[in-house]
Amino acid sequence: MNDNIVSYVLSLFDTAPTPLLVFLIFGVAIFILVNVMALIGGLGTYAERKISADIQMRQGPNRVGPYGILQFLADGVKMITKEDIIPSESNKFLFTIAPILCLSGVLATLAVIPISSGFILTDLNVGVFYLLGVSSLVGVGIFLGGYASNSKWSMLGGMRGASQIISYEVPVTISILTIVLLAGSLSFKELISGQGGYPWTWYVFHNPFTFVSFFIYFVSALAETNRAPFDLPEAESELVSGYHTEYSGMRFGFFALAEYIEVFVVCGVAVALFLGGYKVPFGLGGDTIFGQFFQIGSFFTKTFLLYYVVIWVRWTLPRLRVDQLMSICWKYLTPIALFNLVGTATWIWLFENKSMVELLMSALSGSGSTGH
Amino acid sequence: MTLYSYLLISLFLFSCGIIVMISRKNIIAMLLGIELILNASAINFVAYSRFLSGNIDGHVMSLFIIVIAAAEAAVGLGIVIRFFQLKESIHIDSAAELKS
Amino acid sequence: MFDSFLFYLSAFLTCFGAVLVVLERNLMHACIYLLMSLIGTAGLYFTLGADFLAATQLVVYVGGVVILMLFAIMLTGGGLENKKDRLANLLSYIPPMGSLKSYIWGSITAVAFLSFSINITTKLVKSTEINGSIKIGPTVEQIGVKLLTDHVLMFELSSVLLLGALIGTAIISRPSKEIFLERK
């Protein structure tokens with residue numbers, strides 16, 4: 001049904017799959033992936049502080065370790081050793097389970113992220129759809145965090161956060177559908193195999209509708225992760241940090257880690273859908289194990305570039321009000337996304353799924369040969 | 001697993017849903033029971049489609065059950081919210097009379 | 001054990017979640033246990049080879065219906081719990097039945113239910129083969145084809161139904177003008 005890292009590792013060693021071996025390989029791969037993602041989440045906080053410092057013409061953290069790179073470890077130790085405060089009037093079960101829901105929603109999306117053609121934990125036939133479904137758990141977690149804290153500001157932050165997440169799922173889903181129409185399948189490997197290594201074979205330059213759709217997806221996914229100019233639910237100047245006001249120590253650490261890993265996942269999905277995924281230009285490495293490392297490098301390079309853009313946008317643009325946020329979603333992004341969907345379907349019907357670049361090249365070569 | 005394990009699970013879910021609908025006095029709690037019942041029937045359809053018939057009609061039926069359950073939950077909760085605005089309570093016995 | 005690990009995990013989540021929905025008195029907690037049961041059901045769909053259906057279950061139920069119920073519970077007062085003691089609570093689970101007719105119907109239903117469940121359980125205990133002869137393939141394309149050829153009427157009617165539900169809910173749950181004037 002699907003083809004994943006287990007089959008890749010077993011094909012490297014030419015052994016037959018026994019259930020115990022499959023379980024062990026999955027266990028090791030998941031362990032490696034979750035640790036790498038936690039490292040990326042921690043380094044994301046460091047990167048954010050350094051990049052914001054660079055934008056604001058100051059130095060970031062530069063005391064702990066060379067260039068301050070161990071700052072996230074110091075933050076982690078601080079969070080772990082803080083006293084765990086639970087408000088006495090709060091609903092203890094919901095208070096405990098809200099950060100767990102947020103983090104498990106984000107970690108469950110890691111199962112389908114295409115890091116290279118061999119290292120996908122599982123290439124589900126419905127990979128993109130599963131990812132959309134599981135990332136809705138974050139909205140439930142935010143709402144419960146706001147409700148269970150038994151405080152006015154948290155409740156407002158939680159309600160705004162949950163309504164923002166469920167509203168912006170609509171343009172995200174429609175933009176993803178635009179690419180699914182082009183590739184013809186919901187699985188990540190099929191979506192990436194329709195693209196190539198060179199930038200002109202990516203889906204973002206396939207037709208003008210997918211080009212606009214990339215920006216719609218990027219803006220809506222930023223809003224879904226409560227990030228960038230859309231971070232009203234956790235705005236410090238308005239809601240005293242919103243739905244995670246009452247959380248301290250590692251519980252707050254779960255929320256923050258979930259946010260940074262979710263930004264990475266969203267950038268990873270944008271790279272896989274629109275920017276060519278893990279394909280390397282010039283086909284470096286081929287099918288060998290070195291090809292896998294090149295593919296991992298290509299994927300991470302593109303994702304970190306988008307991550308830089310996300311951090312850059314956060315420290316450049318002012319925050320939106322909640323009614324502006326909702327009107328952008330329902331009055332502008334959703335109609336444009338629907339128009340893109342219909343436009344892409346029309347393009348596929350008119351030009352038989354050829355990209356702009358292919359049409360241009362065939363028009364030039366056609367006119368060149370008949371022009372003489 | 002076998003067909004009967006899925007049937008047993010759906011029977012258990014269905015009976016839990018019925019018990020929730022019978023024994024709760026809160027309207028929203030009864031809607032929770034309805035969701036359990038609809039889930040049980042959807043599992044039943046998919047299990048029969050997988051084990052006994054070769055086609056995919058069971059999946060299509062379950063898809064429509066999910067769609068209808070979502071629409072019904074939305075409308076039901078809208079009615080409950082309106083009812084709460086009028087009567088200030090969501091106990092099922094306060095909905096016993098026709099005119100307030 | 002590793003073969004059907006997903007099946008046992010999902011079955012445990014589903015059934016345990018359903019039991020906790022029955023036993024829990026606080027409404028918000030019951031909603032979270034329903035969420036657990038729905039995630040378990042999605043896992044069961046994955047073990048049955050219905051991948052598109054499982055993803056649809058996750059998107060629609062987890063991301064839509066549960067959040068909707070949580071919002072509604074919050075907007076209607078939070079589901080206040082009654083503070084009886086534990087034994088009286090247990091006895092109050094049995095719904096009061098008064099007349100002879102309800103006892104007769106209740107016992108007929110109980111006999112039918114018990115016979116059905118004993119039938120299934122004995123068949124389950126006797127048969128141990130796992131039916132793997134039907135090939136599980138990707139179901140997305142097959143469901144798409146079926147929706148647009150055999151079941152196109154249901155497809156179109158469900159879109160009309162969803163439109164009606166959307167507009168109807170928005171109109172029903174809007175507060176009327178008297179409530180606005182009263183609150184001023």
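## Helix 6 of chain A

In this predicted model, helix 6 of chain A is largely enclosed by the rest of the structure, because 12 of its 12 residues are buried. The buried residues include the glycines Gly139(A), Gly141(A), Gly145(A) and Gly146(A), along with Leu137(A), Val138(A), Val140(A), Ile142(A), Phe143(A), Leu144(A), Tyr147(A) and Ala148(A). The cover over these buried residues comes from two chains: it includes helix 4, helix 5, helix 7 and helix 11 (250-274) of chain A, together with helix 2 and helix 3 of chain C.

From its first C-alpha to its last, helix 6 of chain A spans 16 Å over 12 residues, close to the 16 Å expected at 1.5 Å a residue. Just after this helix, Asn150(A) adopts a positive phi of about 55°.

## Contact between chains A and C

Chain A brings 26 residues into contact with 20 residues of chain C. On the chain A side, two or more residues come from each of helix 2 (19-55), helix 4 (92-109), helix 5 (127-134), helix 6 (137-148) and helix 7 (152-183). By residue class, this side of chain A comprises 20 nonpolar, 5 polar and 1 charged.

## Contact between chains C and B

In the pairing of chains C and B, 62 residues of chain C are in contact with 51 residues of chain B. At least two residues of the chain C side are supplied by each of helix 1 (5-23), helix 2 (27-47), helix 3 (51-75), helix 5 (100-126), helix 6 (140-149) and helix 7 (152-172) of chain C. Helix 3 of chain C gives the most, with 11 residues. The chain C side divides into 39 nonpolar, 21 polar and 2 charged residues.

## The largest nonpolar core

The largest nonpolar core contains 167 residues. Those with the most contacts inside this core are Cys102(A) and Ala270(A), Ile28(B) and Leu32(B), and Val21(C), Cys31(C) and Val66(C). Helix 11 of chain A makes the greatest contribution to the core, with 18 residues.

## Confidence in chain B

Chain B has a mean pLDDT of 89, and 98% of its residues reach 70 or more. Within chain B, confidence is lowest in helix 1 (residues 3-23), at a mean of 90, and highest in helix 2 (residues 27-51), at 93. Where pLDDT is low, the predicted coordinates should not be read in detail.

Definitions and conventions. Residues are numbered from 1 along each chain as its sequence is written. Chains are lettered from A and ligands numbered from 1 in the order in which they are written. This is a predicted model: local features need pLDDT of at least 70, side-chain atom pairs count only at pLDDT 80 or more; totals for chains, interfaces and linings use all residues. Two residues are in contact if their C-beta atoms, placed from the backbone, lie within 7 Å. Helices (H or I, at least four residues) and strands (E, at least two) are DSSP runs, numbered from the N terminus. Ala, Val, Leu, Ile, Met, Phe, Trp, Tyr, Cys and Pro count as nonpolar, Asp, Glu, Lys and Arg as charged, and the others, Gly among them, as polar. pLDDT is the predictor's confidence in each residue, from 0 to 100. The expected span of a helix is 1.5 Å times one less than its number of residues. A residue is buried if 20 or more other C-beta atoms lie within 10 Å of its own, exposed if 12 or fewer, and partly exposed in between; C-beta atoms are placed from the backbone. A nonpolar core is a set of buried Ala, Val, Leu, Ile, Met, Phe, Trp, Tyr and Cys residues joined through C-beta atoms within 7 Å.
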